[in-house]
Amino acid sequence: MGVSANVRFSQQAFADFLKLNFPLVSDAPDLKTIDAYGVLIPERKLAQRSYFIVDKQGIVRYKKVLAPKEPLLSNEALLAEVAKLGN
């Protein structure tokens with residue numbers, strides 16, 4: 001799933017435009033999830049672009065926080081990280 005500081009209406013338009021096949025969740029207006037994961041940019045009320053792979057027990061097994069202007073990871077790269085985890 002994708003989590004962002006954007007409101008649900010904005011996320012739906014984004015998901016429709018990109019034809020995403022996974023849910024997007026809004027963390028607005030309190031940004032508690034983004035803050036808990038350590039990727040909140042408080043002065044901008046935004047999240048740093050980042051990836052987390054969380055296992056079935058809720059343990060973060062992979063974390064990648066992108067630098068500004070760093071390219072997004074490919075689906076293949078993310079799936080490779082999932083494969084490294086086994087089950």
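Tutor: Start with Pro29. In this predicted model, Pro29 sits in the loop that joins strand S2 (24-26) to H2.

Student: What makes the peptide bond from Ala28 to Pro29 cis?

Tutor: Look at omega. For the bond from Ala28 to Pro29, omega is near 0 degrees, and the bond is cis. Most peptide bonds are trans.

Student: Leu31 is in the loop between S2 and H2 too. Why is Leu31 called buried?

Tutor: Check the number against the cut-off. Leu31 has a relative accessible area of 8%. Buried means under 20%. Therefore Leu31 counts as buried.

Student: What is the phi of Leu31?

Tutor: Phi is near 60 degrees. That is a positive value, and Leu31 is not a glycine. Most residues other than glycine have a negative phi.

Student: Which loop holds Lys45, and what is its phi?

Tutor: Lys45 is in the loop between strand S3 (40-41) and S4. Its phi is positive, about 55 degrees, although Lys45 is not a glycine.

Student: Why is Lys45 called exposed?

Tutor: Its relative accessible area is 58%. Exposed means over 50%. So Lys45 is exposed.

Student: Then what makes Phe52 partly exposed?

Tutor: Phe52 has a relative accessible area of 26%.

Student: Where is Phe52, and which residues does it contact beyond its neighbours within four places in sequence?

Tutor: Phe52 belongs to strand S5. Leaving those neighbours aside, Phe52 is in contact with Tyr37, Val39, Val60, Tyr62 and Lys63.

Student: How far is Phe52 from Gly2?

Tutor: They are 50 residues apart along the chain, and their C-alpha atoms are separated by 9.9 Å.

Student: What is the volume of the largest pocket, and which residues are closest to its centre?

Tutor: The volume is about 1600 Å³. Of the 34 lining residues, Met1, Gly2, Val3, Ser50 and Tyr51 are closest to the centre.

Student: Which element gives the most to that lining?

Tutor: S5 does, with five residues. Other elements supply at least two residues each, including strand S1 (2-4) and helix H3 (75-84).

Student: How many helices and strands are there, and in what order?

Tutor: The protein chain has three helices and six strands. From the N terminus on, the order is β-α-β-α-β-β-β-β-α.

Notes:
Residues are numbered from 1 along each chain as its sequence is written. This is a predicted model: local features need pLDDT of at least 70, side-chain atom pairs count only at pLDDT 80 or more; totals for chains, interfaces and linings use all residues. Side-chain values use heavy atoms; hydrogens and water are left out. On a 1 Å grid over the protein atoms alone, a cavity is a set of points where a 1.4 Å probe fits but cannot get out, and a pocket is an open set with protein on both sides within 12 Å along at least five of seven lines; lining residues have an atom within 4 Å of a point. Grid points are joined across faces, edges and corners, and a volume is the space filled by probe spheres set on the points. Buried means under 20% relative accessible area, exposed over 50%, partly exposed in between (1.4 Å probe, protein chains only). Contact means heavy atoms within 4.5 Å.
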